[in-house]
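I opened a new notebook page for this structure. My plan was to look things up one at a time and write down what I found.

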Amino acid sequence: MASSSTVCRLHMRGRGRLTTCLQRVDTFIGRSFGTNVVADQSETPRKDEAEEKDGRKSFYAVQAERQEQAERSVLFSCPSRTSERKILKYLSRHGEIKKHFSYESYGMYAVAEFENRESVDSILEGAAIPTASHESTVPFKSRLLSVRNLGPADSSNQQSSKHDQSQTTIPINELMKRLSREGSIAQQITSLTEAYQLTDENIRLRFLVCSLLRDIAAAYFPECTIKPFGSSVNGFGKLGCDLDMFLDLDSISGRNIKTPKSGLLLEYQMKRTNSERAVTQSILSVIGTCVDQFGPGCVGVQKILNARCPLVRFAHQPSGFQCDLTANNRVAMKSSELLYIYGQLDPRVRCLVFTVRCWARAHGITSSIPGAWISNFSLTVMVLFFLQRRNPPIIPTLDHLRDLAGPADKCVIEGNDCTFVSDFSKIQLQSNTETLEQLLCEFFEFYATFTFTKSSINIRKGKEQNKPEVAPLHIQNPFETSLNVSKNVNVTQLERFVALCQESSWLLQQTETLTPTGGPTPWGLTTLLLPSQIAGIKSRKKRGREAASERIKGLLESLKNKNQQKS
């Protein structure tokens with residue numbers, strides 16, 4: 001662990017800013033996950049008095065609100081030189097528009113959310129089927145429309161609209177410049193989270209894509225829903241992340257009909273197969289074909305049906321999302337809800353996760369390409385475990401959340417206990433006043449000295465467990481407890497992670513690192529993102545005799561030289 005004097009220094013530096021920092025964090029969390037239209041909040045019925053007490057809605061209340069918004073929304077492809085005012089005036093003929101925004105993805109697009117569903121029906125009734133002289137069209141109607149300007153191009157819309165929304169994160173170099181101008185490491189962490197987290201508009205667009213896909217699947221399963229899960233809804237999604245969805249058929253009517261003791265009973269005649277997996281593969285195969293043949297804007301469709309979890313993968317060009325569609329993936333949805341709850345319990349949770357994941361990506365610890373790297377989910381669980389191990393703990397264990405659960409929270413999926421409390425008012429947190437700066441430093445110190453050779457990470461128990469299998473990194477799946485979510489990670493990648501934790505912990509204890517520069521010169525968190533730091537790690541075996549501290553000292557000397565040149 002870091003020396004007591006170092007911890008004390010960090011604690012005293014940050015204590016005075018803790019309240020201000022957490023207030024700022026609470027503000028942008030509310031902006032991202034709440035609805036920024038007052039009318040929406042008044043329109044949504046209260047799900048539970050307890051859930052509204054402190055402004056935090058339950059996971060499923062948020063999902064229901066987002067899905068309802070998506071049902072009242074339409075996605076438009078817009079001519080680049082047609083004024084926004086003209087388009088909005090045209091659309092307003094069909095009803096009041098509650099929310100609208102535009103963005104760029106293979107052209108300009110706009111989303112319009114109407115006051116009621118009747119306005120959407122009115123628009124669809126008035127829309128024309130396109131004609132083409134040399135091509136034939138597939139006459140599938142959806143809420144993805146094109147706006148054609150039949151008159152002369154407008155000259156009044158030469159600049160970007162104030163409603164244009166970026167759907168991707170800023171480049172790492174631009175992010176580092178922004179962070180270098182902040183006045184404290186805690187502010188840097190907050191600023192990074194603000195820059196990377198999903199915006200309200202991006203979340204709305206994700207639910208709208210699910211709703212558009214549901215319109216396709218409804219031809220075969222009228223009562224189905226398609227729901228986003230994972231990063232899109234758990235509170236830890238980064239701009240540009242994939243859109244994971246699952247086709248939910250469990251909620252269709254007729255499943256829980258009580259059988260009378262006598263008399264007659266009507267049942268649907270249905271096809272039968274030898275396994276649930278075969279049913280899933282058959283359904284996804286048909287839906288995948290429909291998406292490929294009929295779904296406007298859906299390209300590169302792949303049916304990956306023999307994977308452990310069968311899926312359909314495709315790109316949705318109008319939104320720019322890479323999409324994965326599975327079926328009845330209920331355990332994944334419970335994992336999404338659990339992460340959402342942890343992220344809402346304390347604002348420091350999300351900030352630390354975003355920071356650690358950005359740091360890991362900057363150094364190639366994680367990757368978008370499948371392989372032996374540590375996954376984002378594994379990193380998130382590692383952060384949660386670390387926060388459970390603080391004294392006092394910042395977040396409770398999963399077992400404690402299970403003990404707080406009521407009868408309505410009871411959930412067993414395929415023999416796996418997925419029960420935990422969903423009512424925030426029942427969760428009482430202990431008083432931990434550690435700052436984000438302290439927590440970041442202690443995170444690196446914690447895993448720089450963690451006994452990976454014999455210990456397993458377990459957020460259900462909140463303490464180290466003996467590894468049940470021979471694997472470099474063992475992180476127990478929170479619900480399917482026999483599974484290791486980091487089974488893919490090899491020794492080399494784990495050693496790189498540990499070495500980088502050691503160097504980052506050391507850097508955060510140096511005066512040169514902790515001194516704000518007030519300009520573009522890297523300091524604080526930005527020094528941890530510099531790619532030059534991992535040069536020694538890559539050739540670690542060849543340069544084994546060179547102490548890690550010597551490599552870091554060389555980096556700090558270069559930083560001091562830059563500061564002197566600036567002054």
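**Entry: the largest cavity**

I began with the lining of the largest cavity. Helix H10 (200-217) and strand S8 (311-316) each supply at least two residues of it. Helices (H or I, at least four residues) and strands (E, at least two) are DSSP runs, numbered from the N terminus. H10 gives the largest share of this lining, 4 residues.

I noted the ground rules here. This is a predicted model, in which local features need pLDDT of at least 70 and side-chain atom pairs count only at pLDDT 80 or more, while totals for chains, interfaces and linings use all residues. Residues are numbered from 1 along each chain as its sequence is written, and side-chain values use heavy atoms, with hydrogens and water left out.

I then looked up the volume. The largest cavity has about 100 Å³. The count of cavities of 30 Å³ or more is 7. On a 1 Å grid over the protein atoms alone, a cavity is a set of points where a 1.4 Å probe fits but cannot get out. A pocket is an open set with protein on both sides within 12 Å along at least five of seven lines, and lining residues have an atom within 4 Å of a point. Grid points are joined across faces, edges and corners, and a volume is the space filled by probe spheres set on the points.

Which residues line the largest cavity? I found Leu212, Leu213, Ile216, Gly295, Phe314 and His316 among them. The lining divides into 9 nonpolar, 3 polar and no charged residues. Ala, Val, Leu, Ile, Met, Phe, Trp, Tyr, Cys and Pro count as nonpolar, Asp, Glu, Lys and Arg as charged, and the others, Gly among them, as polar.

**Entry: glycine 295**

Glycine 295 sits in the loop between H11 and S7. Is glycine 295 buried or exposed? It is buried, at a relative accessible area of 9%. Buried means under 20% relative accessible area, exposed over 50%, partly exposed in between (1.4 Å probe, protein chains only).

Leaving aside neighbours within four places in sequence, glycine 295 is in contact with Ile216 and Cys290. Contact means heavy atoms within 4.5 Å. The C-alpha atoms of glycine 295 and leucine 213 are 7.8 Å apart, though 82 residues separate the two along the chain.

**Entry: the second largest pocket**

I moved on to an open space. The second largest pocket holds about 1500 Å³. Its lining has 44 residues, and Ala128, Pro130, Leu144, Leu145 and Ser146 lie nearest its centre. Among the elements that each supply at least two lining residues are strand S1 (73-78), helix H7 (117-126) and helix H11 (276-294). I counted 23 nonpolar, 15 polar and 6 charged residues in this lining.

**Entry: aromatic pairs**

How many aromatic pairs are there? The count is 22. Rings of Phe, Tyr and Trp (its six-membered ring) pair if their centres lie within 6.5 Å; planes under 30 degrees apart count as stacked, over 60 as edge-to-face and the rest as tilted.

I looked at one pair. The ring centres of tryptophan 359 and phenylalanine 497 are 6.1 Å apart and the planes stand at 70 degrees, so the pair is edge-to-face. Tryptophan 359 lies in helix H13 (residues 347-362) and phenylalanine 497 in helix H17 (residues 491-507), so the pair ties together parts 138 residues apart in sequence. Both tryptophan 359 and phenylalanine 497 are buried. Ring pairs link these two into a cluster that includes Phe385, Phe443 and Tyr447.

Most residues other than glycine have a negative phi, and most peptide bonds are trans. I looked for exceptions.

The peptide bond from asparagine 391 to proline 392 is cis, with omega near 0 degrees. Proline 392 lies in the loop between helix H14 (376-388) and helix H15 (398-403).

Tyrosine 106 has a positive phi of about 55 degrees. It lies in the loop between strand S2 (97-104) and strand S3 (108-114). Tyrosine 106 is exposed, with a relative accessible area of 65%.

Asparagine 328 has a positive phi too, near 50 degrees. Its loop runs between strand S9 (321-327) and helix H12 (330-345). Asparagine 328 counts as buried, at 18% relative accessibility.

**Entry: the chain overall**

The chain has 21 helices and 13 strands. Buried residues make up 51% of its 567 residues.
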